[in-house]
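Subject: A structure for you to look at

Hello,

Here is the structure I promised to pass on. Please open it beside this message, and then read on for what turned up in it.

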Amino acid sequence: MKLLKIDHIGIAVNDISQAKAFWTDVLGLNFEGDETVAEQKVKTAFFPVGESEVELLESTAADGPIAKYIEKKGQGIQHVAFGVENIDEALAELKEKGVRLIDETPRKGAGGARIAFLHPKATNGVLVELCER
Ligand code: ZN
């Protein structure tokens, strides 16, 4: 498997429209609009930084994964996403190595990316996302 770069860092927030002021007004990043991923019960907003991006995540439902995350741990960094050349190959390789996965097959992420999450129990507590664009 080939990791290309840190694609983005996912940050769970209560309210994107409120949280984005820091990233735009203070840090001077561009807000490229938000997108709702209905099946994940999440609204996302991306802010490019060089080759990587900051992704803000706001829950669209009280029982969504981001709402549950904030309930348990508060707002903050929720996952790290690595860009991969070929996500199917990467997942096959991880399975072969016995790595516990949340997604055995890729699902659809924001921006039409194909994404898959590794289980935090396999990564010393870090929720790792693989992302093929
Ligand atoms: Zn992500």
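The buried residues of helix H1 pack against strands E1, E3 and E4. Those residues are Ile16, Ala19, Trp23 and Thr24, and H1 itself runs over residues 16-26. They sit on the same side of H1 because they cover an arc of only 135° around the axis. On the other side of H1, Ser17, Gln18, Asp25 and Val26 are exposed. Gly28 follows H1 and has a positive phi, near 80°.

Before going further, a word on how to read all this. This is a predicted model, in which local features need pLDDT of at least 70 and side-chain atom pairs count only at pLDDT 80 or more, while totals for chains, interfaces and linings use all residues. Residues are numbered from 1 along each chain as its sequence is written, and side-chain values use heavy atoms, with hydrogens and water left out.

Buried means under 20% relative accessible area and exposed over 50%, with partly exposed in between (1.4 Å probe, protein chains only). Helices (H or I, at least four residues) and strands (E, at least two) are DSSP runs numbered from the N terminus. The arc is that of the directions from the helix axis to the C-beta atoms, and contact means heavy atoms within 4.5 Å.

Next comes H2 (65-73). Its buried residues are Ile66, Ala67, Tyr69 and Ile70. Their arc around the axis is only 160°, which puts them on the same side of H2. Strands E1 (3-12), E3, E4 and E5 are among what covers them. Glu71 and Lys72, on the other side of H2, are exposed. After H2 comes Gly74, with a positive phi near 85°.

In H3 (residues 87-96), Ile87, Ala90, Leu91 and Leu94 are buried. An arc of only 95° around the axis puts these on the same side of H3. They pack against E5 (76-84), E7 (114-118) and E8 (128-132). The face turned away from that buried side carries exposed Glu89 and Glu96. At the N-terminal end, Asn86 caps H3, with a side-chain oxygen 3.0 Å from the backbone nitrogen of Asp88. Just after H3, Gly98 takes a positive phi of about 75°.

Now to the largest pocket, which has a volume of about 680 Å³. Its lining holds 33 residues, and the closest to its centre are Pro65, Ile66, Gln78, Phe117 and Leu127. (A pocket is an open set of points on a 1 Å grid over the protein atoms alone, where a 1.4 Å probe fits, with protein on both sides within 12 Å along at least five of seven lines; lining residues have an atom within 4 Å of a point.) H2 gives the largest share of the lining, six residues. By type, the lining divides into 18 nonpolar, seven polar and eight charged residues.

Finally, two residues to look up. Arg107 lies in strand E6, and its side chain makes a polar contact of 2.3 Å with that of Gln40. (A polar contact is a pair of N or O atoms within 3.5 Å; within protein, one must be able to donate a hydrogen and the other to accept it, and residues adjacent in sequence count only if both atoms are side-chain atoms.) Thr123 is in the loop between E7 and E8, and counts as buried because its relative accessibility is 15%.

Best wishes

Methods
Points joined across faces, edges and corners; volume = space filled by probe spheres on them. Nonpolar A, V, L, I, M, F, W, Y, C, P; charged D, E, K, R; others polar.
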